[in-house]
Amino acid sequence: MAEGDSYGCKTYFLISLEGLLYLLQFVLGVIAFALVLSHEESSIFSHYGFFIVVSALCWIGALLIIFFHVVGCCKVKILGVWQREYSLWIFLLSYSLSYFFFFLFSSALLSQWTLKSAQFIIAAICGFILVIVFFILCIIYYRRVRKIRLTEVAWEGDKSTRA
């Protein structure tokens, strides 16, 4: 983004790789959530509760992140202060890494308890696709954090060795 960008609507985020991954995350999260919740044997307090909660939080989180990017709240180099950019990417890295493991384990559990139901099998496949999406996002955010760490922070030196 250019340095002079304002806080207006940033719809070009939706056509970037990151935006497309968040849109895919939103769609697959809603599909997985609806498929598991629509089955007569599933409820929040059943075997499938963990997958229901993870998929619901996934699509809600994706919707919020898309909204914040589109309205300009996640603008790169907010007011020129690199700490805010660094903390934003650290947050998104931890978000992606958490959901990578959440979907890995919940999809594995769901695939064990499918009961040969097509709804559960499709939801488990959506979950494993989301594992791949979150892994790609982890790599993207790790590279951004590493770049900022090397260029902006490294010049200050190690603060832990100073007296």
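Student: Where does UniProt place the feature "transmembrane region" in this chain?

Tutor: The unreviewed UniProt entry puts that feature at residues 12-36, 48-74, 86-108 and 120-142. Keep in mind that this comes from the record, and such annotations may be inferred rather than shown by experiment. The coordinates you're looking at are a predicted model.

Student: How do you know what the chain does over residues 86-108?

Tutor: From the secondary structure: residues 86-108 are 100% helix and 0% strand, with the end C-alpha atoms 33 Å apart. Residues 120-142 also come out as 100% helix and 0% strand, and there the end C-alpha atoms are 32 Å apart.

Student: What makes the pattern of the protein α-α-α-α?

Tutor: Count the elements: there are 4 helices and 0 strands. Read along the sequence, that gives α-α-α-α.

Student: Why is Val131 called buried?

Tutor: Its relative accessible area is 8%. Buried means under 20%, so Val131 qualifies. Val131 sits in helix H4.

Student: How do you know which residues Val131 touches?

Tutor: A contact needs heavy atoms within 4.5 Å. Setting aside residues up to four places away in sequence, Val131 touches Phe100, Phe103 and Leu104. Take Phe103: Val131 is 28 residues from it along the chain, yet their C-alpha atoms are separated by 5.8 Å.

Student: Which residues is Leu20 in contact with, leaving aside neighbours within four places in sequence?

Tutor: Leu14 and Ile15. As for Ile66, 46 residues away along the chain, its C-alpha atom is 9.9 Å from that of Leu20.

Student: What about the whole protein: what share of it is buried?

Tutor: With the under 20% cut-off, buried residues come to 39% of the 163 residues. The accessible surface is about 9,400 Å², and 71% of that belongs to carbon and sulfur atoms.

Student: What share of the contacts with a separation of 6 or more comes from residues 24 or more positions apart?

Tutor: That share is 76%.

Student: How many cavities of 30 Å³ or more are there?

Tutor: The count is 1. About 40 Å³ of space lies in the largest cavity, so it clears the 30 Å³ mark; a cavity is a place where a 1.4 Å probe fits but cannot get out.

Student: Which residues line the largest cavity?

Tutor: His47, Tyr48, Phe50, Phe51, Ser106, Leu109, Leu110 and Trp113. Helices H2 (49-71) and H3 (82-112) are the elements giving two or more residues to that lining, and H3 gives the most, with 3.

Student: Why is Trp113 called partly exposed?

Tutor: Its relative accessible area is 28%, so Trp113 falls between the under 20% and over 50% limits. Trp113 lies in the loop between H3 and H4 (118-153).

Student: How do you know what Trp113 is in contact with?

Tutor: By the 4.5 Å cut-off again. Beyond neighbours within four places in sequence, Trp113 is in contact with His47, Tyr48 and Phe120. His47 is 66 residues away along the chain, with 7.8 Å between its C-alpha atom and that of Trp113.

Definitions and conventions:
Residues numbered from 1 in each chain as written. Predicted model: local features only at pLDDT ≥ 70, side-chain atom pairs only at ≥ 80, totals over all residues. Heavy atoms only, no water. 1 Å grid on protein atoms, 1.4 Å probe; cavity = no way out; pocket = protein on both sides within 12 Å on 5 of 7 lines; lining within 4 Å. Points joined across faces, edges and corners; volume = space filled by probe spheres on them. Buried < 20%, exposed > 50% of the residue type's maximum accessible area, 1.4 Å probe, protein only. Areas by Shrake-Rupley, 256 points an atom, 1.4 Å probe, with all protein chains shown as cover.
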